Amino acid sequence: MKLLAFAASSSKKSVNKQLVTYAAKLVAGAEVEVLDLNDYELPLFSVDKEADLGKPALALAFLDKIAASDAILISFAEHNGSYSAAYKNLFDWCSRANGKVFQGKPVVMLSTSPGARGGASVLTAATGSAPFFGADLKASLSIPTFYDNFDVEKQELKNEELKAKLVAALATFA
């Protein structure tokens with residue numbers, strides 16, 4: 001299985017990138033590619049920009065990565081209760097080229113944050129809209145209080161209960 005994984009964040013020290021990278025390694029037998037949204041930075045979307053630029057090559061390249069994958073693993077950063085600007089902008093550009101951004105692929109959605117809700121608000125928004133954008137949503141999981149539950153030095157979940165829930169969510173790819 002070709003697993004495409006990414007954090008919906010542009011932070012170089014993203015807790016969501018740490019989580020999604022760790023989670024991807026738990027998918028047995030998967031050939032994993034972890035993307036960095038910084039490699040897909042585009043001008044702020046608007047219909048005027050779209051008229052000027054058409055469909056940007058970076059948006060099409062991101063869609064090609066999705067098309068070439070068998071499954072998708074995303075961990076969402078929450079900014080003020082919603083998507084990060086970096087993810088939302090890329091998603092907007094991609095959705096104009098292909099309204100079914102996720103192209104029918106099986107998707108597991110995660111979120112985390114240092115706070116007690118673990119990005120639950122953005123995860124709710126993402127899972128609620130996923131089917132409209134062509135995602136075969138298999139599972140979702142929010143990891144609260146990242147620094148209490150994740151060993152940053154070892155790059156792994158140290159909370160066994162949350163690890164079991166993550167493993168169960170990832171098993172839905174099988």
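**Reading a predicted model: burial, fold and contacts**

Q: Why is helix 1 described as largely enclosed by the rest of the structure?
A: Look at how many of its residues are buried, where buried means under 20% relative accessible area. In this predicted model, helix 1 covers residues 15–25, and eight of its 11 residues are buried, so the helix is largely enclosed by the rest of the structure.

Q: What does the side chain of S14 reach at the start of helix 1?
A: For a polar contact, look for a pair of N or O atoms within 3.5 Å. Here a side-chain oxygen of S14 comes to within 3.1 Å of the backbone nitrogen of N16.

Q: Is K12 buried or exposed?
A: A residue counts as exposed when its relative accessible area is over 50%. K12 has a value of 80%, so K12 is exposed. This residue sits in the loop between strand 1 (2–8) and helix 1. Its C-alpha atom is 8.7 Å from that of N38, although the two residues are 26 apart along the chain.

Q: How many helices and strands does the protein have, and in what order do they run?
A: Count the elements, then follow them along the chain. There are seven helices and seven strands. From the N terminus the order is β-α-β-α-α-β-α-β-α-β-α-β-β-α. The radius of gyration is 15 Å, close to the 16 Å that the globule rule gives for 174 residues, so the protein is as compact as a globular protein of that length.

Q: What share of the protein is buried?
A: Buried residues make up 44% of the 174 residues. As for the surface, the protein exposes about 8,400 Å², and carbon and sulfur atoms supply 52% of that area.

Q: What share of the contacts joins residues 24 or more positions apart?
A: Take the contacts with a separation of 6 or more; residues 24 or more positions apart account for 77% of them.

Q: Which residues does T127 contact beyond its neighbours within four places in sequence?
A: T127 belongs to helix 5 (residues 120–129). With those neighbours left aside, T127 is in contact with M109, L137 and S140. The C-alpha atoms of T127 and L137 are 7.3 Å apart.

Definitions and conventions. Residues are numbered from 1 along each chain as its sequence is written. This is a predicted model: local features need pLDDT of at least 70, side-chain atom pairs count only at pLDDT 80 or more; totals for chains, interfaces and linings use all residues. Side-chain values use heavy atoms; hydrogens and water are left out. Buried means under 20% relative accessible area, exposed over 50%, partly exposed in between (1.4 Å probe, protein chains only). Helices (H or I, at least four residues) and strands (E, at least two) are DSSP runs, numbered from the N terminus. A polar contact is a pair of N or O atoms within 3.5 Å; within protein, one must be able to donate a hydrogen and the other to accept it, and residues adjacent in sequence count only if both atoms are side-chain atoms. The radius of gyration is taken over C-alpha atoms; the globule rule is 2.2 Å times the number of residues to the power 0.38. Contact means heavy atoms within 4.5 Å. Accessible areas come from the Shrake-Rupley method with a 1.4 Å probe; for residues, only the protein chains shown count as cover.
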